[in-house]
Every structure is written in structure tokens, then in C-alpha cells.
Amino acid sequence: MTISETAYAKINLALHVRRRREDGYHELETLFAFVDAGDVLTAESAAQDRVQVLGEFAGGLDDPFDNLVARALGKLPRADGLAVTLEKNLPVAAGLGGGSADAGAVFRIVKDRYGLPGDWLERATALGADVPACVESRTCIGRGTGTELEPADDSLAGTPVLLVNPRVPLSTGPVFRQWDGEDRGALPKGDARTIALEGRNDLEAPALSLCPQIAGVLEALRGTSPFLARMSGSGATCFALYDSASARDVAAQQIEERHPGWWRMKGFLR
């Protein structure tokens, strides 16, 4: 039997960096949300685990056997193997948690077919800070390194969203290293919409210093009259939220006409 799962694109509606930790990581507070589109994984039983990568951004994964799909499979014991085909629709190193979303989809595939081990959360955390949130792929608050999850309301569910990337990869590590170390305060209180509107992304300034093209993306998105436009994660992808699907679609058309080289994805928040 073949199982398919979408690896939902992750966005950070707000991302507050509080301090550098002694272990080299950063203490942060973030509001995770997920778009109803992303990479697509298809899996079927096999004698041993295999991973095949297809799609527009397959070339961004230098070693398909060392990507997070293969590593997630290795973390989850099963009676038999899985042959997984990954259709890579999300750009790599883009602030969308693409690899983490792929790993989260593997966890859901294994859960549906075999069930997950009791310590699945620890296994997910070992793969990366965004992976635990990506397993459920629902709006939530992340603290610590992002792995300490708290439920959040779904007041933004169904919100039309447009993702835009200038097709410039931007690795997370250098962006965090450029952060100036200033604690600008905690996440706001309130529902998800309030947190998103009153929050910020503390990695935007350091990302801009490394990838100035982000400024052009934000300017273009803010010119389409969304109720919020912000960079996601460590960049370089930016998102815009709209009050209607028609407004989002008009914005996507404008971006396509004015910046045909940029990557775009339309969807709704889950």
C-alpha cells in the first residue's frame, strides 16, 4: 500500500531571540504556523529503507541518503523498510523548515502505518529544533531552542498566505551568528493573530546583512496590501497574510509579473 504525506511549509509568524546559550544554541520564543502546501512524500513497503528525491529543488540536496528523510527513517524502528520518494517543492535553506517538514512527514507516515515509539519526541528533537513542531504541523508556540512546544489557538487557520523567495539560499548558522545579542523582549500575549501582528522576527536584520535581496521581497509584498508581511525563520523566504484569497491571488500575479525569477507558493494556514 502506498502512503502519501505533504511536508507542510513551516513559517515563523514571530521569532524572538532572547539570548545565546552556553551550549552554542539560542534561547528563543516563536509562533510556528504551517501552510497547507509543501514537499510531497510517497512511501511504500520495501526490503530496506530507500530515498529518492525528485522535483524542482532536488539538486539542493547534495546527498539524498544524508538528508532528514533518511535520518528520520533511521530514527524510527519498524518491522520492514520503506521506499520513500520525496518531491522537493520547497527551496533549500529558505527559512521554511523544509528538511524538518520532510522529517515530520516521515514521522506521520510511520505513525499511520506502524505507530510511533513512546520516546518519539526525543527522537524528533535529535534531528533538529524545528522537527517536533513539524510532526504535528499545527500552529503552536516554541520555546527553548524551539522544541518546547505549547498549544496555540487556531484563530489564523484558513488565512490566505503567499510565500516568496528570491532564490538565494541562506543557511541558519551564519544568520544566528550575526544576531547582535540584544534581548528585545518576549512574545506578546494573546491569540495567534495578536502575537503575529505585535511580534517581530529578530533574525531579519542579521539576515538582511547577509542577503540584501530580502529587503526587495519584503517591499514587494508590503506593496500588495497584506495585513502582515514578514521574513520567516532565518530567511530568505518571506510571507504575506491576506484577508481574502482573491487579494492573495492578485498579489501573487503582481509578484510574478514584476519579479518573474522569484519563487512563489500560494496556500492557506492550517
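Me: How many aromatic pairs does the structure hold, and what makes two rings a pair?

Reply: The structure holds 0 aromatic pairs. Rings of Phe, Tyr and Trp (its six-membered ring) pair if their centres lie within 6.5 Å; planes under 30 degrees apart count as stacked, over 60 as edge-to-face and the rest as tilted. Bear in mind that this is a predicted model, where local features need pLDDT of at least 70, side-chain atom pairs count only at pLDDT 80 or more, and totals for chains, interfaces and linings use all residues. Also, residues are numbered from 1 along each chain as its sequence is written, and side-chain values use heavy atoms, with hydrogens and water left out.

Me: What makes R193 count as lying over the face of F227?

Reply: A charge sits over a ring if NZ of Lys or CZ of Arg is within 6 Å of the ring centre and within 35 degrees of the ring normal. R193 lies at 4.2 Å from the ring centre of F227. R248 has its charged end over the ring of F268, 4.6 Å from the centre.

Me: How do you know that the length of α9 agrees with its residue count?

Reply: Helices (H or I, at least four residues) and strands (E, at least two) are DSSP runs, numbered from the N terminus. The expected span is 1.5 Å times one less than the number of residues. For the 14 residues of α9 (residues 245-258) that should be 20 Å, and the end C-alpha atoms are 20 Å apart, which agrees.

Me: Why is strand β2 called largely enclosed?

Reply: Of the 21 residues of β2 (residues 26-46), 15 are buried, so the rest of the structure largely encloses this strand.

Me: What makes β1 and β2 a pair?

Reply: Two strands pair if DSSP finds at least two bridges between them. β1 (residues 3-20) and β2 have 15 bridges, in the antiparallel sense. One of the bridges joins N12 to F32 in β2. The two strands form a hairpin with 5 residues between them, and G24 in the turn has a positive phi of about 95 degrees.

Note on methods:
Buried means under 20% relative accessible area, exposed over 50%, partly exposed in between (1.4 Å probe, protein chains only).
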